[in-house]
Amino acid sequence: MINWSKVKELRDDIGADDFEEIIEVFLQEVEDELAVLQDKSAAELAASMHFLKGSALNLGFEDFAEKCRQGERSAAHVEIPELLSCYDASKKLFLDKYKNG
């Protein structure tokens, strides 16, 4: 679900303080985008899926990125509840392990 090697690599590259900021920005931007998916046209939805995929890959959210990749390919068939569920599970796992070691 999470590519912990990618997380460690990013944290090591930018430092712990900047990594905390990256996490905050990532979560906010993703959640803002997820909140408006229902209101988008197919073309807008495909662009959102592309944005979310890239953001997810940068922070190691592999399962979520894969759901976004699938949505990008077929925006007319994005299962938004499934996408939201995957994000929530990934976020919980990430924050639990990252914050608690």
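Me: Leaving aside its neighbours within four places in sequence, which residues is Glu33 in contact with?
Reply: Bear in mind that this is a predicted model, where local features need pLDDT of at least 70, side-chain atom pairs count only at pLDDT 80 or more, and totals for chains, interfaces and linings use all residues. Residues are numbered from 1 along each chain as its sequence is written, and side-chain values use heavy atoms, with hydrogens and water left out. Contact here means heavy atoms within 4.5 Å. With neighbours within four places set aside, Glu33 touches Lys40, Ser48, Phe51 and Leu52.

Me: Is Glu33 buried or exposed?
Reply: Buried means under 20% relative accessible area, exposed over 50%, and partly exposed in between (1.4 Å probe, protein chains only). Glu33 has 16% relative accessibility, so it counts as buried.

Me: Which helix does Glu33 lie in?
Reply: Helices (H or I, at least four residues) and strands (E, at least two) are DSSP runs, numbered from the N terminus. The protein has five helices and zero strands. For Glu33, the one to look at covers residues 16-35, and that's helix α2.

Me: How much of the protein is made up of buried residues?
Reply: Glu33 is one that counts as buried. Out of the 101 residues in the protein, the buried share is 34%.
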